[in-house]
There are 2 protein chains.
Amino acid sequence: MSFRAPVQDQLFCIKELAGIDQIAQIPGFEDAGFETAQAVLEESAKFNEGVVAPLNWSGDQDHGSWDNGVVKASPGFKEAYAALAEGGWQGLGQPTEYGGQGLPKTIGAACVEQTMAANLSFSLCSILTGGAIEALLTAGSDELKTRYIPNMVSGKWTGTMNLTEPQAGSDLALVRSKAVKQEDGTYRISGQKIFITYGEHDMTENIVHLVLARTPDAPEGVKGISLFVVPKFLVNADGSLGKRNDVYCASIEEKLGIKASPTAVLVYGDDKGEVGAGAIGYLVGEENRGLEYMFIMMNAARYDVGVQGIAVSERAYQHAVAYARDRVQSRPVDGSAKESVAIIHHPDVKRMLMTMRALIEGERAMALVGAAAYDTAHNHPDAAVAKQAQTFYEFLVPLIKGFSTENSVEVTSLGVQVHGGMGFIEETGAAQYYRDSRILPIYEGTTAIQANDLVGRKTSRDGGATAKAIAGQIADCEGQLAARGAACQKYAKQLKAARESFLQVVDFVCANAKGNPNAVFAGSVNYLMLTSNLVAGWQMGRALMVAEDKLAAGEEVPFMTAKIATARFYGDHILARIASLRDAILDGGDSVTAMPVEAF
Amino acid sequence: MSFRAPVQDQLFCIKELAGIDQIAQIPGFEDAGFETAQAVLEESAKFNEGVVAPLNWSGDQDHGSWDNGVVKASPGFKEAYAALAEGGWQGLGQPTEYGGQGLPKTIGAACVEQTMAANLSFSLCSILTGGAIEALLTAGSDELKTRYIPNMVSGKWTGTMNLTEPQAGSDLALVRSKAVKQEDGTYRISGQKIFITYGEHDMTENIVHLVLARTPDAPEGVKGISLFVVPKFLVNADGSLGKRNDVYCASIEEKLGIKASPTAVLVYGDDKGEVGAGAIGYLVGEENRGLEYMFIMMNAARYDVGVQGIAVSERAYQHAVAYARDRVQSRPVDGSAKESVAIIHHPDVKRMLMTMRALIEGERAMALVGAAAYDTAHNHPDAAVAKQAQTFYEFLVPLIKGFSTENSVEVTSLGVQVHGGMGFIEETGAAQYYRDSRILPIYEGTTAIQANDLVGRKTSRDGGATAKAIAGQIADCEGQLAARGAACQKYAKQLKAARESFLQVVDFVCANAKGNPNAVFAGSVNYLMLTSNLVAGWQMGRALMVAEDKLAAGEEVPFMTAKIATARFYGDHILARIASLRDAILDGGDSVTAMPVEAF
């Protein structure tokens, strides 16, 4: 079925919740107000619906091939990537000095969500390229920036992130790839990297790998890792392409999902290029600070993967709604018709669709509010405002990543369920989202890694101060809700119960993080799910008030009616999950760790 | 990795919870005490571990083929099915007069769980054959029984259930296949059936289809459906095979999972056999009572699908544990080691494995207690005892089907997550369980269909009497727990809270089933999940007491220690889910149905 970009809801979030008009008051973003957002999102929708979405199912079926180190992309991907470059979509949020358009993330994230929903596999190439650009902007020398960034921003070249090795996944301290400095200041890189998304392909003439490796005398552990640029083809001083570097794609993986995105095993230093043994690499920033740079890039990547969760959920939701409208089966349980009806009329089908929808809308609101915080943090002239926004953004990143991706597995599974037996038949298409989504809670840091981040750096390090400040803002929102009509009053009560549960858990986390870390980390994923459910629910509470006001004013009546219904469902069904999570965290730590390891 | 049948836990459930020694006091089951159970389960384990399990992954990869109506089974399946027949496994629970072994379901279900866990796709052929035997035993004439059952019990022939048509899935009232009576008393069947598991294959010389169809003058709806036996090859009076009947496999489906089980589109009456146009069928029982017979068979099939959920979960759990023991990554959060450790030591990995384990053990206990109720219902000489057992069994069937299968999606997803990035690579094997499990909440009645059954026939029809009687038994268990040590006392408290939530919901369901059916059915799946969580948790509470006593007596120390840890986890983490479900049911009906259909 055809994909429709969720422009109306994105614009609602951007305007009413993320506050694009305030972002547009930040110097540099003067032209990035609501009208710009609207124009850009509508243009983006045309591109993604027309060019990218039609390659989603075909890419799953014919997902390219590997032959002796050469990877052919899925049919149509090369042309679509050229169109993406031509349209300027790669550089939407990149600095104008490198050819980008300098738009805020609040707009850019919404466009990226559309591309991801249209075709998750396709979108990854652009996402990874964006991450590589970010790393170079953060720590690259002027020479590296000038040589590589413009062609990446324009979409002429793509980029990758090379972190994982067979023995080093979540634990990058175990990275073993080697980098040996040469007399000319370059390095020779050798080693094997795995799980490299778009590590090899034929969509562009060059690929810029960003690679973690160790110099011979580096300290052990994470403090001895450096970051290098390793281009597939060396780049001459005049910008033309030179010799084939010594990086070789040994194979691509047969995966459960996102099949059209080639996941490469890359071998460095096997003397398979034109430069002798050892891939030529260029140090990014200083030696031994690679992980630090990579983490900056990883925060951006984690945010992006969170958006992938929203996107694949949106696509699955649209697919399920279309089927539920079409499929006629059984009479209504309330006896309102004597004939069989479309299954969308059945309460349990509605429950499934509403669950999907409420999660998506809550996640999208949280992600776009997060994007606005990012824009403020990076651009606001008042340092105190910027710092506060940065703290808020950093708190949100594990929530956006963890919640949206864990839920995407639930949402795409519900999408299959709505289809009944047809959902299990691959040709129907619902199964693809279910398969695609399953990587999302894993890559760029598993949910447990996000939860560790939330517990450690984001909660206990400041004694819960950030968490409690957010709870304070939520309490304000409750006050506003409580002063309104019945629907808002009910929501205020539900939000208050959720916030109080959150505060109990924050106290538990802070009190036990040092003394009883096993109990805290046994509940860390539950804590992440609780917190993000609350923060997304807070946004849905804000949305509820806006929607009531707009509806009263007669604006966008069907949309606002639906928003109110979805927010109410969020309160009744999604916020309701928090009580159980709280109990499991506060009283369930011991029974997680009680089992002797040998008894499993 | 190699599969180990969970014999020890199965025997624990059979002996301590299902009460096999009481089953053995029922006439006809005198030889079916604990020692028999032990001997049979150990023999079954050898067969399933050695013969069936090794074909699981290979079957997923090379899942047979269709060519012009002929379906070749996956390599090795034919030989394995012959071995299953040779070992007498098909007839384990079937009547001795037809060549079966007449063992109780309490033992048979455990053996079947092993086969399903070893190889879900393979097991389905035997399961469907069992369902077809059950239908013939229930309603077939003596002639049909004599002609077909012995060869099905022996494993010489297999059987199928032909219900679904393109327009008739959950709603069998829409079945359109035709059956026209001939002068000789046979019928000519025509129409198209879809989703027919093992509808065509080359594993045995004949296939006995049980087919729902309408006679020309049948009333509309479910009361005009009749059941027919349609053999692939006609059977001569002497038992030899005759002409090829007019049933043809038009295609097999490309599915998300259980790929090695051919899912056939069967066309009846296209004159593709040797009997002219119209497949020759034989009426089972009386005309227009087909759905009634099919429902008897379907209850057995639903129970079996519930066991499939347990089985695939067990397999995923074993796979995940093996990986978690092997994979070394990161230092312990409690600082107990300076080196990276196997990930099974990390609290969040333990949480995932314990969640998998607790769900599996709770489900298995509930299923085997259900099997004992079935045995009592069908064989106990005291009619009152039998009737009570039947009522209990019928209440349990939707719980066993719904809970075990919904959870199997969660458990197999956790299984992937434990593997991290490797879980997404097909070759690792974890993804297969995730794919395979996804059909389980769909076929033999979706979870919503199970939930409708629970709400309607099983709860509101008797005004909640059965539900409340079960709550009474749970209250007794709480009393026993409360009189013991700290762990049991805590469990008693958790069980009490869960039971009280259940009673609130039962009252809500009974009060509103007629007046506000939309609100009740909006919460029906949540009600099913709540109820089954409680009933399984009740069994885990019983298990906790037994395990404490055994441990005190020094029996099976590692097993009983683990059982106690798992039961405690069930109380802290799984029973904890009930509060949220209760709130969503009692206060969330309106927001499920508030959204206008056109606004989705």
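These legends accompany close-up views of a predicted model with chains A and B.

**View 1. The two chains are related by a two-fold axis.** Chain A is superposed on chain B by a rotation of 180° with 0.0 Å of shift along its axis, at an RMSD of 0.0 Å, and that is the relation of a two-fold axis. Within chain A, the C-alpha nearest the axis belongs to S580(A), which lies 2.9 Å from it.

**View 2. The interface between chain A and chain B.** In this predicted model, 91 residues of chain A are in contact with 91 residues of chain B, and the area buried between the two chains is about 7500 Å², with carbon and sulfur atoms giving 61% of it. F424(A), Y434(A) and F600(A) together supply 11% of the area that chain A buries against chain B, which is more than any other three residues. Because 100% of the interface residues of chain A are also interface residues in chain B, the copies meet through the same surface.

**View 3. Polar contacts and residue classes at the interface.** Between chain A and chain B, 44 residue pairs are found in polar contact, both residues of each pair being at pLDDT 80 or more. The side of chain A that touches chain B is made up, by class, of 43 nonpolar, 24 polar and 24 charged residues.

**View 4. Salt bridges that cross between the chains.** The count over all chains comes to 60 salt bridges, and the count between chain A and chain B is two. In one salt bridge the side chains of K490(B) and D587(A) meet at 3.4 Å, N to O. In another, D587(B) pairs with K490(A), the closest N and O atoms again being 3.4 Å apart; this pair runs from helix α19 (residues 577-587) of chain B, which holds D587(B), to helix α15 (residues 486-512) of chain A, which holds K490(A).

**View 5. Two annotated domains of chain A.** An unreviewed UniProt entry places the feature "domain: Acyl-CoA dehydrogenase/oxidase C-terminal" at residues 288-454 of chain A; in the model this span is 73% helix and 0% strand, and its end C-alpha atoms lie 25 Å apart. The feature "domain: Acetyl-CoA dehydrogenase-like C-terminal", likewise from an unreviewed UniProt entry, is placed at residues 482-596 of chain A, a span that is 84% helix and 0% strand, with its end C-alpha atoms 49 Å apart.

Terms used
Residues numbered from 1 in each chain as written. Chains lettered and ligands numbered in written order. Predicted model: local features only at pLDDT ≥ 70, side-chain atom pairs only at ≥ 80, totals over all residues. Heavy atoms only, no water. UniProt positions renumbered as here; feature names shortened; annotations may be inferred. Helix = DSSP H or I, 4+ residues; strand = E, 2+ residues; numbered from the N terminus. Contact = heavy atoms within 4.5 Å. Buried area = accessible area lost by both parts, 1.4 Å probe. Salt bridge = Lys/Arg side-chain N within 4 Å of Asp/Glu carboxyl O. Polar contact = N/O pair within 3.5 Å; in protein donor to acceptor, adjacent residues only side chain to side chain. Nonpolar A, V, L, I, M, F, W, Y, C, P; charged D, E, K, R; others polar. Least-squares fit on C-alpha atoms with pLDDT ≥ 70 in both.
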